[in-house]
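I opened the notebook to record what I looked up in this structure. The entries follow the order in which I checked things.

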Amino acid sequence: MPRDTIVILTGAGISAESGLGTFRDVDGLWTRYDLNAVATPEGFARNPALVHAFYNARRANCATAAPNAAHDALARLERDWPGEVLIVTQNVDDLHERAGSRNVLHMHGELSRALCAACGHRWPAPLEMHAADPCPACGAAATRPDIVWFGEIPYHMAEIDRTLDRAGLFVAIGTSGNVYPAAGFVREAALFGARTLELNLDPSDTATDFDETRRGPATELVPAWVS
Ligand code: BV8
């Protein structure tokens with residue numbers, strides 16, 4: 001069977017040149033916000049208003065951002081490649097979809113979705129959300145962003161594992177290799193026979209696990225790799 005499946009893992013670095021902040025770079029979000037306060041279920045239980053303010057601001061930023069040349073190049077690849085191209089993104093923005101990519105899994109959730117912490121119902125998020133907003137399904141005032149926080153189980157893991165195991169090529173773009181399970185995908189893909197490539201500004205924590213690494217901004221590296 002030909003291994004013509006490409007799995008692409010993207011992180012905050014691919015959206016950096018669209019004006020959306022990364023997390024762990026010198027001016028990243030985690031230098032300005034306490035991760036435990038805004039990106040854990042315990043933080044949400046302590047201060048839901050603070051968590052909603054954090055994600056409302058990011059949702060507003062996302063609404064005014066536009067996909068960049070790296071997102072565009074991946075959409076072109078999906079259109080032109082004869083096999084399957086699966087984008088697994090850790091990003092909660094929708095810039096891949098707005099660039100035209102269709103086969104996208106958001107393993108850490110999406111800014112554009114709301115989740116009821118009481119009954120698990122999901123619905124499209126308004127630009128501004130508050131914990132007291134009633135769930136359209138059960139009426140509970142337990143509205144949270146549909147985001148996978150630290151200590152929660154990422155989405156789509158079974159499908160991601162199945163696709164990694166038959167991939168011929170695994171590419172990581174704009175991610176620090178800091179957060180698991182995503183940081184372990186390169187080893188999993190390599191173990192099952194994929195070639196592995198990293199496209200990133202700085203060496204990631206997992207850079208030595210890749211067959212090949214290229215350094216630079218995503219808007220230059222990704223179009224050059226795709227063409
Ligand atoms: C889980 C909320 C169990 C969303 C986020 C040891 C081993 C294994 C696991 C753990 C472990 N210790 C702790 C854990 C668990 C923990 C974890 O990994 N912690 C770390 C910190 C050690 N993980 C979890 O809790 C996860 N859940 O493990 O469940 C399980 C798992 C599987 C199956 C069953 C059970 C849940 C993780 C959820 C995390 N959610 N935040 C949000 O608000 O957005 S994490 C946060 O970091 C972001 O969401 C993002 O998705 C993620 C990764 O960050 P990056 O995207 O990589 O961004 P970063 O800023 O770090 O890096 C940017 C990179 O881009 C840099 O390298 C830079 O050089 C580059 N760059 C910058 N500009 C450019 C560029 N590159 C190119 N061009 C540019 N212009």
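**Entry 1: one glycine**

Is Gly120 buried or exposed? I noted that the model is a predicted one, then counted neighbours. Gly120 has 10 other C-beta atoms within 10 Å, so I put Gly120 down as exposed; the cut-off for exposed is 12 or fewer. I found Gly120 in the loop between β4 (109-116) and β5 (122-124). I also looked up the separation from Leu105, which is 15 residues from Gly120 along the chain. Their C-alpha atoms are separated by 19 Å.

**Entry 2: the whole protein**

I listed 10 helices and nine strands in the protein. For 227 residues, a compact globule would have a radius of gyration near 17 Å, and the 18 Å of the protein agrees with that. Along the principal axes, the C-alpha atoms fill a box of roughly 50 × 35 × 30 Å. I noted that 40% of the 227 residues are buried. I then took the contacts between residues at least 6 apart in sequence, and 62% of these join residues at least 24 apart.

**Entry 3: two domains**

I wrote down the division into domain 1 (1-18 + 67-108 + 154-227) and domain 2 (21-64 + 109-147). Their C-alpha centres lie 25 Å apart. Where they touch, 11 residues of domain 1 are in contact with nine residues of domain 2. On the domain 1 side, α1 supplies the largest share, three residues. That side has four nonpolar, five polar and two charged residues.

**Entry 4: around the ligand**

Which residues come nearest to the ligand? I found 36 residues around the ligand, and Gly11, Gly13, Gln90, Ser176 and Tyr180 come nearest. By class, the shell has 18 nonpolar, 13 polar and five charged residues. Helix α1 (residues 12-16) gives the most to this shell, with three residues. Domain 1 and domain 2 each provide at least three residues of the shell.

Which residues of α10 are buried? In α10 (residues 218-226) I marked Ala218, Leu221 and Val222 as buried. Looking down the axis of α10, I saw that the buried residues fall within an arc of 90 degrees, so they line one face of the helix. I then listed what these buried residues pack against: α1, α6 (69-80), β7 (169-173), β8 (195-200) and β9 (212-215).

**Entry 5: two backbone checks**

I kept a general rule at hand: most residues other than glycine have a negative phi, and most peptide bonds are trans. Next I looked for exceptions.

The peptide bond from Tyr180 to Pro181 is cis, with omega near 5 degrees. Pro181 lies in the loop between β7 and α9 (185-191). Tyr180 had already come up in my ligand entry, as one of the residues that come nearest to the ligand.

His156 has a positive phi, near 65 degrees, and is not a glycine. I placed His156 in the loop between β6 (143-147) and α8 (157-165). How many C-beta neighbours does His156 have inside 10 Å? I counted 13, so His156 goes down as partly exposed.

Conventions:
Residues numbered from 1 in each chain as written. Predicted model: local features only at pLDDT ≥ 70, side-chain atom pairs only at ≥ 80, totals over all residues. Helix = DSSP H or I, 4+ residues; strand = E, 2+ residues; numbered from the N terminus. Rg over C-alpha atoms; globule rule 2.2 N^0.38 Å. Buried ≥ 20, exposed ≤ 12 C-beta atoms within 10 Å, placed from the backbone. Contact = placed C-beta atoms within 7 Å. Near = placed C-beta within 6 Å. Nonpolar A, V, L, I, M, F, W, Y, C, P; charged D, E, K, R; others polar. Domains from an automatic or database assignment. Arc of directions from axis to C-beta.
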